[in-house]
Amino acid sequence: MPDQSRITALIVAAGTGERAGGDHPKQYRTIRGKTLVAHAIDAFADHPGVGKIRVVIGKGQDAAYLEAIAGRNIEPPVTGGATRQESVRKGLEEIAASGGTDIVLIHDAARPFTPPDVIDRLIDALGSTSSAVPALPVVDSLARTDGSTVDRSEFVTVQTPQAFRFEAILAAHRAWTGEQPATDDAAIARAAGHTVELVKGDPALKKITFAEDFAMPSPTVTRTGLGYDVHAFAAGDHVWLCGVQIPHERTLAGHSDADVGLHALTDAILGALGEGDIGDHFPPSDPQWKGAASHRFLTHARDLATARNATIHHVDVTLICETPKIGSHRAAMRARIAEILAIPEKSVSVKATTTEKLGFTGRSEGIAAQAIATLGTLEE
Ligand code: CTP
Ligand code: MG
């Protein structure tokens with residue numbers, strides 16, 4: 001295994017992102033909860049084989065960059081140039097000026113998702129060659145713009161990170177005499193006479209280029225949570241169930257409005273998030289929750305889900321009681337829950353059952369509720 005402290009990632013983030021549009025250059029915009037440049041940095045920071053990270057940024061981008069990396073502790077950025085090639089060159093010269101390195105992995109900040117095994121393959125390949133790049137076969141048919149077809153088996157698409165022996169790529173950049181700037185560093189290495197080895201790339205390395213690329217579907221994991229709650233009847237003239245007020249000859253006793261349905265549902269969502277239970281978030285001992293409308297608890301759970309980049313796919317509540325009869329209120333309950341959770345009504349189910357006069361619900365001593373919530377969360 002090569003010396004980790006002598007392997008440096010050089011991330012170029014000095015472009016203006018013309019084609020992606022938007023208010024900020026694309027590398028400072030967010031995808032799957034993090035800026036592109038932060039994703040790019042973290043992939044190398046998390047890889048045990050990589051010892052150092054240098055980032056090249058555009059002139060005047062310092063404030064945007066510092067905000068985008070959100071306190072990550074890496075060496076000060078290098079100022080880039082007018083083309084990607086110039087930005088890489090400036091980064092290489094800065095590495096050379098500050099002690100050099102053995103291997104450099106040159107990477108576009110515009111490719112936020114670098115699988116660790118691609119880095120492994122590149123570092124392995126450099127055991128026997130000066131240059132290695134990730135490549136993917138062309139899967140669509142390939143044609144020239146005049147319509148004539150070409151044999152796609154002769155072509156690959158080339159991604160970054162691209163790995164080089166540092167001295168070799170530094171010398172190749174310095175020796176470059178091409179009239180057009182090269183679009184990647186493999187072209188510069190080849191022009192200097194190096195053989196570039198192709199290792200298996202990964203579709204996850206796709207470069208964010210156009211505005212629509214930000215809408216890339218996120219890989220999610222599905223989590224479910226279960227909630228259960230009971231409240232006893234007391235003297236009164238209405239109950240709150242699933243956010244709907246229902247006239248009744250008794251009320252439900254509780255510190256808040258005792259909406260047993262919303263309490264079970266709040267616990268189900270907290271359960272899917274692994275965020276404890278409703279009592280942790282709203283202690284019954286706290287006077288501020290006395291008589292509180294329970295939609296506040298559910299809103300809180302929804303906001304926690306949003307903060308975790310979780311999507312509430314579906315919820316299902318079962319109310320267990322002899323009376324009141326739920327049937328005529330179900331539509332209103334579904335609509336209210338959908339409104340509080342800001343999800344479509346078709347993603348909400350409310351059911352009811354009696355217990356055939358058995359047990360405490362059967363004796364009409366109280367109402368029980370069960371809920372289940374299905375959430376999609378980003379892979380962690
Ligand atoms: N890049 C750079 N310096 C430049 C131009 C580009 O460091 N002068 C970086 C970009 O920030 C990006 C990578 O090179 O991480 C790949 O370039 P590209 O996808 O073309 O990004 P932009 O040049 O920013 O986008 P556009 O071409 O649409 O303006
Ligand atoms: Mg560009």
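Q: Where does ligand 1 sit, and how many residues surround ligand 1?
A: In this predicted model, ligand 1 sits in the largest pocket. Among the residues that surround the ligand, the closest are V12, G17, E18, S87 and K207. Counting the whole shell, the number of residues that surround ligand 1 is 19.

Q: What percentage of the accessible area of ligand 1 does the protein cover?
A: Oxygen atoms of ligand 1 lie 2.9 Å from a polar backbone atom of A14, 2.8 Å from a polar backbone atom of R19 and 3.2 Å from a polar backbone atom of A109. On its own, ligand 1 has 560 Å² of accessible area, and the share of this area that the protein covers is 87%.

Q: Is T101 buried or exposed?
A: T101 is found in the loop between α3 and β6 (103-108), where a polar atom of its side chain lies 2.8 Å from the backbone oxygen of R6. The side chain of T101 also makes a polar contact of 2.8 Å with the side chain of T8. Because its relative accessible area is 3%, which is under the 20% limit, T101 counts as buried.

Q: Is A331 buried or exposed?
A: A331 has its place in helix α10 (residues 330-341), and its C-alpha atom is 9.2 Å from that of E345, a residue 14 positions apart from it in sequence. Since the relative accessible area of A331 is 56%, and the word applies over 50%, A331 is exposed.

Q: Is A272 buried or exposed?
A: A272 lies in helix α7 (residues 260-273), and although A272 and T377 are 105 residues apart along the chain, their C-alpha atoms are separated by 9.4 Å. Because the relative accessible area of A272 is 5%, under the 20% limit, A272 is buried.

Q: How many of the 10 residues of helix α1 are buried?
A: Helix α1 covers residues 36-45 and is mostly covered. Its buried residues are L36, V37, A38, H39, A40, I41, D42, A43 and F44, and the number of buried residues in α1 is therefore 9.

Q: Which residues are joined by a cis peptide bond with omega of about -5°?
A: Most peptide bonds are trans. One cis peptide bond joins T160 and P161, with omega of about 10°, and P161 is found in the loop between β10 (156-158) and β11 (162-165). P324 lies in the loop between β17 (311-320) and α10, and the cis bond with omega of about -5° joins T323 and P324.

Definitions and conventions:
Residues are numbered from 1 along each chain as its sequence is written. Chains are lettered from A and ligands numbered from 1 in the order in which they are written. This is a predicted model: local features need pLDDT of at least 70, side-chain atom pairs count only at pLDDT 80 or more; totals for chains, interfaces and linings use all residues. Side-chain values use heavy atoms; hydrogens and water are left out. A residue is near a molecule or strand if one of its heavy atoms lies within 4 Å of it. A polar contact is a pair of N or O atoms within 3.5 Å; within protein, one must be able to donate a hydrogen and the other to accept it, and residues adjacent in sequence count only if both atoms are side-chain atoms. Accessible areas come from the Shrake-Rupley method with a 1.4 Å probe; for residues, only the protein chains shown count as cover. On a 1 Å grid over the protein atoms alone, a cavity is a set of points where a 1.4 Å probe fits but cannot get out, and a pocket is an open set with protein on both sides within 12 Å along at least five of seven lines; lining residues have an atom within 4 Å of a point. A molecule sits in a cavity or pocket if more than half of its atoms lie within 2 Å of its grid points. Helices (H or I, at least four residues) and strands (E, at least two) are DSSP runs, numbered from the N terminus. Buried means under 20% relative accessible area, exposed over 50%, partly exposed in between (1.4 Å probe, protein chains only).
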